[in-house]
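Hi everyone, thanks for making time.

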Amino acid sequence: MSEKAWLKNVRKVTPYVPGEQPQDLKKIKLNTNENPYPPSKGVMEALKEFDTSVLKLYPTTDAKELRKTLADYHKVEEKNLFIGVGSDDVLATCFMTFFCGEKPTLFADITYSFYEVWAKFAGINYKLVPLKENFRQDEEAYYEENGGIVIANPNAPTSIAESKELIERIVKANPESVVIIDEAYVDFGGESVIGLTEKYDNLLVVRTFSKSRSLAGLRIGYAVGNEDLINAMFAVRDSINSYTINTIAVKAAVASVLDEEYFQSTLKKIVATRERAALELEKLGFDVLPSSANFLYVTHKTRSAVDLQLKLRNEHIFVRYFKKPERISNYLRISVGTDEEMDRLIEVLSKEIQ
Ligand SMILES: *Cc1c(COP(=O)(O)O)cnc(C)c1O
C-alpha cells in the first residue's frame with residue numbers, strides 16, 4: 001500500500017482563484033472591487049458597544065435582527081430573506097438548492113467565474129450562454145429549455161447593466177426554473193428587481209455587503225425571494241451548518257443598514273470618480289465599457305493588457321486580468337478607488353502609454 005492511500009478518496013476540484021490580497025495598505029488595490037471608503041461610523045460604534053457576554057450563546061440561526069432590519073429596508077417580509085456568509089455563501093447555497101434537475105442551468109460565458117466552479121462542484125448540468133459581441137446578455141438564449149438561470153446584473157467583469165424589463169421578461173418566460181439575479185453591484189447604478197420578487201415566485205435576488213457597504217471583511221450577503229425558495233435554501237444550509245452568521249457580524253451589519261445617509265454619500269462619490277476616471281482613460285486611448293458598477297472594464301487600442309497590468313504592478317497598483325475566454329484576453333478590470341488612487345493610476349498609465 002502506498003503511503004497516502006487516502007488520497008484516492010479526496011475530492012478533486014478546481015477552485016475559484018480570488019484576486020491577490022497584498023497586506024501592505026500602501027499599495028493601491030484596484031483588483032477585487034472592494035470599496036475604498038471605510039464602513040459607516042455606526043458600524044464602529046456598534047462594535048465598541050458590543051456586549052461580549054452574549055458570545056457565550058449560539059447566535060440565532062436566521063440572523064434574526066439583521067433579517068428584520070433588511071426586511072424593513074427592502075419592504076419585504078422576514079420570511080422572504082436568507083442571510084449568508086457573504087453572497088458567495090448565498091450563491092453556493094443556491095447552486096446546491098435549485099439546480100438539481102436534468103436540464104442545463106444557464107449562465108453567461110463571461111460572468112462571475114465562481115458560477116462555473118459551483119456548478120462543477122455540485123455536479124450540475126450547465127450551459128454557457130455567450131454574451132453578444134457588445135458584451136450584452138443574449139436575451140433570446142434564455143428562452144431555451146433550461147433547469148435554472150443565473151445572471152449577474154450589473155454583470156462582472158463587464159460592468160454592464162441590463163434593464164429591469166429585460167430581466168422581467170426572462171423571469172416571466174421561465175416559470176419552471178429558478179432565476180437568480182446576482183445584484184452585487186446594483187447600488188452603483190443598476191436597476192434592482194427586488195420589487196418583482198413578490199410577483200414572481202421563481203425569482204431570487206442576491207445581494208452583498210462587500211462592495212457598496214464597505215464590509216467585505218465582515219462576510220454578509222443575502223437573498224430576497226418567495227418564502228418557498230427561502231425555506232428550501234435554509235433546509236440545504238441546515239444540512240451543512242446552521243449557525244453561519246455570528247452575533248458580532250449581525251450587529252455590525254444592522255448598523256450599516258441603518259446609516260442610509262452615509263451609504264448614499266459614498267455611492268455618490270464612487271460614481272463621480274468612476275465617470276471622471278472613465279473619461280481620463282478614454283483620453284489615453286482606452287475603450288471603456290459603459291459601467292454601472294464600481295469598476296471599469298477597459299481595453300487599449302494598441303497596448304497589451306497583460307503588459308500594462310505588469311507595469312502597474314511595478315508601481316504597486318493592482319488591477320485584475322482574466323485570460324479567458326479569448327475575446328476578453330486584452331481587457332483589464334479596474335476597481336474604482338478614491339480620487340487620489342485613480343489620479344495615481346492615470347499618472348502611471350499616461351507615462352507608460354505616450
Ligand atoms: C464580489 C462578488 C460576489 C461575492 O461577494 P461576497 O463578498 O461573497 O459577498 C458575488 N457575485 C459577484 C458578481 C461579485 O462580484
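Let me start with a question: where is the place of Pro154? This is a predicted model, by the way. Pro154 sits in the loop between strand E5 (148-152) and helix H5 (164-173). Another cis bond runs from Lys324 to Pro325, with omega near -5°, and Pro325 belongs to the loop between strand E11 (317-319) and E12.

While we're on backbone angles, here is some background. Most residues other than glycine have a negative phi, and most peptide bonds are trans. Now look at Asn33, which is not a glycine but has a positive phi of about 60°. Asn33 is found in the loop between strand E1 (28-30) and helix H1 (41-48), and counts as buried because its relative accessibility is 1%. Phe135, also not a glycine, has a positive phi of about 65°; its relative accessible area is 7%, so Phe135 is buried.

The largest nonpolar core has 49 residues, and Leu66 and Phe209 touch the most other members. Helix H7 (residues 247-258) gives this core its largest share, seven residues. Apart from that core lies another, of 27 residues, including Trp118 and Leu229.

Finally, helix H8 (residues 260-283). Its 24 residues should span 34 Å at 1.5 Å a residue, and the end C-alpha atoms are 35 Å apart, which agrees. Among the buried residues of H8 are Phe263, Ile270 and Arg274, and the elements covering the buried residues include helix H2 (64-74) and helix H10 (339-353). Just after H8, Gly285 takes a positive phi of about 95°.

Note on methods: Residues are numbered from 1 along each chain as its sequence is written. This is a predicted model: local features need pLDDT of at least 70, side-chain atom pairs count only at pLDDT 80 or more; totals for chains, interfaces and linings use all residues. Side-chain values use heavy atoms; hydrogens and water are left out. A nonpolar core is a set of buried Ala, Val, Leu, Ile, Met, Phe, Trp, Tyr and Cys residues joined through side-chain atoms within 4.5 Å. Buried means under 20% relative accessible area, exposed over 50%, partly exposed in between (1.4 Å probe, protein chains only). Helices (H or I, at least four residues) and strands (E, at least two) are DSSP runs, numbered from the N terminus. The expected span of a helix is 1.5 Å times one less than its number of residues. Contact means heavy atoms within 4.5 Å.
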